[in-house]
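Student: I have a structure to go through before I set anything up. Can we talk it over?

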Amino acid sequence: MAMEGEKRRYITSAELRGHNTPGDLWISIQGKVYDVTRWVKDHPGGDIPLLNLAGQDVTDAFVAYHPGTTWTLLDRYFVGYLADYRVSAVSKDYRRLVAEFARLGLFDKKGHGVLFSLVFMAFLFLVSISGVLLSTNTSVHLISSLLMGLLWIQSGFIGHDSGHYNVMTTPGFNRLMQVLSGNCLTGISIGWWKRNHNAHHIACNSLDFDPDIQHIPLFAVSSKFFTSLTSYFYERKLVFNSVARLLVSYQHWTFYPVMCVARVNLFAQSALLLLSKKKKVPGRWQEIVGCTIFWIWYPLLVLALPNWTERAMFVAANFAVTGIQHVQFCLNHFSASVYLGPPCGNDWFEKQTMGTLDILCSPWMDWFHGGLQFQVEHHLFPRLPRCHLRRISPYVKELCRKHGLPYTAASFWDANLRTIATLRTAAFQARDSTKPVPKNLVWEAVNTHG
């Protein structure tokens, strides 16, 4: 820091933008510029958020993700002041809300929701296991498989929450909960999820930076994918070839069937990351052990069933039920606005509201959506425990209304219709971009416009 009487160093936004590479990475927070090049590899949120926002003012993203205790850590990286620092009216109001919620202690008050969820999960696990091991009735086995799928959904919500804030009393217990609920119970790496999810939050609905909307060759939410965009998350080109064109052309029909088996992709992505030598995974061996535990107990449970028909039924029902959660993930973003290019730190609030959609539901259904129904609120205040999202919703609506920004909400049914409509539009655009699709009476009946 500059000593008293020492001349201050001022840095322009243009100069700041020049420091935007992994080997030379600067950011600005509340008018101060920091050289975080040496910090990137140790950043708890991973390197992707810093790389995506390099060379920019990142104040809104910083206050969204970091408690007040982290501010003191910045001093060691200070290099100067941003000469042309400006704060938009939207950002001013957003930061006031963050400060007000912090003053009220909302970021620290978790309520009893986590306890109820854990008790519910334990109940589902014990009943499902008992149904398989203690009964010979096929119907009981089917019910057990459905309950196991419901357990995986609830564990996904707990894993999601624990990745954003401490759902337990200490960071150590929180880490234990992550590995137990993610790796051990579902076979999905919490490290993979955090890496993927942090990139999604920072670059919400960026076609080339947000992995949550990059599903070529199966799905495309925009015709811009037809130009074979480069994914900066996967570090490869999303090739739109003849196979992708065929699959995308019917994506409005294949969406739900694919969601029923989408968990296979999560297993594969988890394994690829944990076995990768290029990517840094904090606590890699904890995660590998956790996933190994899953791949021991789950196959043994399936093999405990009396025949292969019931075993196949059990696994299929597990996957189909958890497909509901995969659909939920897609409903929040597939039909929202998208954009090309890296995220911009100066329009944080705008990008989060434009790229997300809330699901309208009664309070008694909150357990079913696990906080995802308040997606706009969650994206703006990711550290806020889900039990407060309904409470703060009116404040977010008012701020959007004040600044003329979208606040999109729809019922679960309507959100599904919007998603299918988005997929259907892109499907027909994919067909129109090539030679005409052979038409017959069946084709016409299935694909009639209107």
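**Salt bridges, a pocket and a patch**

Tutor: Start with Asp366: at a relative accessible area of 23%, Asp366 is partly exposed. Keep in mind that this is a predicted model.

Student: Which side chain does Asp366 meet in a salt bridge?

Tutor: Asp366 pairs with Arg390, at 2.7 Å from N to O. The two sit in distant parts of the chain, 24 residues apart, with Arg390 in helix α17 (residues 389-402) and Asp366 in helix α15 (residues 366-369).

Student: And Arg390, what's its relative accessibility?

Tutor: Arg390 has 30%, so Arg390 counts as partly exposed.

Student: How many salt bridges does the count come to?

Tutor: The count comes to 13 salt bridges. One of them joins the side chains of Glu235 and Lys279, at 3.1 Å from N to O.

Student: Where do Glu235 and Lys279 lie?

Tutor: Glu235 is in the loop between β6 (230-231) and β7 (236-237), and Lys279 is in the loop between α11 and α12, so the pair ties together parts that are 44 residues apart in sequence.

Student: Is Glu235 buried or exposed?

Tutor: Glu235 is exposed, because its relative accessibility is 53% and the cut-off for exposed is over 50%. Lys279 has 21% and counts as partly exposed.

Student: What about Arg9, which residue does its side chain meet?

Tutor: Arg9 forms a salt bridge with Glu15, at 3.5 Å from N to O. Arg9 is partly exposed at 42% relative accessible area, and Glu15 is partly exposed at 32%.

Student: Which residues are linked in a network of salt bridges?

Tutor: Lys41, Asp42 and Lys280 are linked in such a network.

Student: Changing topic. How much space lies in the second largest pocket?

Tutor: About 1000 Å³. The pocket is lined by 45 residues, and the closest to its centre are Trp192, His215, Asn265, Leu266 and His326.

Student: Which elements give two or more residues to that lining?

Tutor: They are the helices α6 (138-164), α7 (171-186), α8 (190-202), α10 (251-260), α11 (263-274) and α13 (308-331).

Student: And which one has the largest share of the lining?

Tutor: Helix α8 does, with six residues.

Student: What is the lining of the second largest pocket like by class?

Tutor: The lining has 22 nonpolar residues, 20 polar and three charged.

Student: Now the surface. Which residues make the nonpolar patch?

Tutor: Ile296, Leu300, Leu303 and Trp308 make a nonpolar surface patch of about 470 Å². Helix α12 (residues 284-303) gives the most to the patch, with three residues.

Student: Where does Trp308 lie, then?

Tutor: Trp308 lies in helix α13.

Student: Trp308, buried or exposed?

Tutor: Exposed: Trp308 has a relative accessible area of 62%, and over 50% is what the word requires.

Student: Last one. How far apart are Ala122 and Leu151 in sequence and in space?

Tutor: Ala122 and Leu151 are 29 residues apart in sequence, while their C-alpha atoms are 8.5 Å apart in space. Ala122 belongs to helix α5 (residues 113-134).

Student: What's the relative accessibility of Ala122?

Tutor: Ala122 has 38%, so Ala122 counts as partly exposed.

How values were computed: Residues are numbered from 1 along each chain as its sequence is written. This is a predicted model: local features need pLDDT of at least 70, side-chain atom pairs count only at pLDDT 80 or more; totals for chains, interfaces and linings use all residues. Side-chain values use heavy atoms; hydrogens and water are left out. On a 1 Å grid over the protein atoms alone, a cavity is a set of points where a 1.4 Å probe fits but cannot get out, and a pocket is an open set with protein on both sides within 12 Å along at least five of seven lines; lining residues have an atom within 4 Å of a point. Grid points are joined across faces, edges and corners, and a volume is the space filled by probe spheres set on the points. Helices (H or I, at least four residues) and strands (E, at least two) are DSSP runs, numbered from the N terminus. Ala, Val, Leu, Ile, Met, Phe, Trp, Tyr, Cys and Pro count as nonpolar, Asp, Glu, Lys and Arg as charged, and the others, Gly among them, as polar. Patches are made of residues with over 30% relative accessible area and no salt bridge: like charges are joined within 9 Å, nonpolar side chains (Val, Leu, Ile, Met, Phe, Trp, Tyr) within 5 Å. Accessible areas come from the Shrake-Rupley method with a 1.4 Å probe; for residues, only the protein chains shown count as cover. A salt bridge is a side-chain nitrogen of Lys or Arg within 4 Å of a carboxyl oxygen of Asp or Glu. Buried means under 20% relative accessible area, exposed over 50%, partly exposed in between (1.4 Å probe, protein chains only).
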